[in-house]
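Here is a short briefing to read alongside the model. Have the sequence and the 3D view open, and follow the topics below in turn.

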Amino acid sequence: MSKVQKITPFLWFNDNAEQAMEFYLSVFENSKKLNVNYNGAGGPGPEGSVMIAAFELEGQQFLALNGGPLFQFTEAISFAVNCDTQDEIDELWEKLSAGGEPGQCGWLKDQFGLSWQIVPSILPELMSDPDPAVPGRVMQELMQMTKLDIARLQQAAAGESL
């Protein structure tokens, strides 16, 4: 018997939860569909339509609900994705921002309005350098970017001209 995840993000979509799940499954290599529940005769949505879709991305389980137009996503909640390489940043940025909206400092909104942060996994190390000038230079460079560039952040940390 598998253990139930203690905390699971529960995402409210208007009527495209299954479409969103399929999109996210196509973006992340380590992903899988877990379960799809459909509305019955007395359900809140049309009979046979998707009510809740369960899926997993990179070991994290998610639930997606077709809840109607009452609530929308905002930037107050986002998912941070730590990337080890620039190629991974580039790929995820391209896929997740397609049909969405790029933002500043590695943030973007996908085609469903959900906010993501695509960040290099080295960023916490650069930002915690004991020399206070290093995080300052890194932050100054980061604030000028949309999609983050690892080489530029490392150059800023080293005090090299860009």
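The model is a predicted one, in which local features need pLDDT of at least 70 and side-chain atom pairs count only at pLDDT 80 or more, while totals for chains, interfaces and linings use all residues. Residues are numbered from 1 along each chain as its sequence is written, and side-chain values use heavy atoms, with hydrogens and water left out.

**Around L63**
- L63 is partly exposed, because its relative accessibility is 26% (buried means under 20% relative accessible area, exposed over 50%, partly exposed in between, with a 1.4 Å probe and protein chains only).
- Setting aside neighbours within four places in sequence, L63 contacts T8, P9, F10, L11, I52, A53 and A54 (contact means heavy atoms within 4.5 Å).
- L63 and E22 are 41 residues apart along the chain, and their C-alpha atoms are separated by 12 Å.

**Nonpolar cores**
- The largest nonpolar core has 30 residues, of which Y24, L96, W116 and I118 touch the most other members (a nonpolar core is a set of buried Ala, Val, Leu, Ile, Met, Phe, Trp, Tyr and Cys residues joined through side-chain atoms within 4.5 Å).
- At least two residues of this core come from each of β1 (10-13), α1 (17-27), β3 (50-57), β4 (60-66), β5 (78-83), α2 (86-97) and β8 (115-120).
- With 7 residues, α1 gives the most to this core.
- Beyond four places in sequence, the residues that W116 touches include Y24, F28, L57, F79, V81, L96 and W107.
- Another core lies apart from the largest one; this core has 11 residues, among them V119, M145, L153 and A157.

**The sheet and its helix**
- An open sheet of mixed pairing is formed by 4 strands in the order β5-β8-β7-β6 (two strands pair if DSSP finds at least two bridges between them).
- Its edge strands, β5 and β6 (101-102), each pair on one side only.
- β5 and β8 run parallel and are joined by 6 bridges; C83 has P120 in β8 as its bridge partner.
- Helix α2 packs on the sheet, touching β5, β6, β7 (107-109) and β8, and its direction makes about 170° with that of β8 (axes are lines fitted to C-alpha atoms, for helices over the stretch in contact, and angles run from 0 to 180 degrees between N-to-C directions).

**S97 in α2**
- S97 belongs to helix α2 and counts as buried because its relative accessible area is 15%.
- Leaving out neighbours within four places in sequence, S97 contacts L92, L108 and K109.
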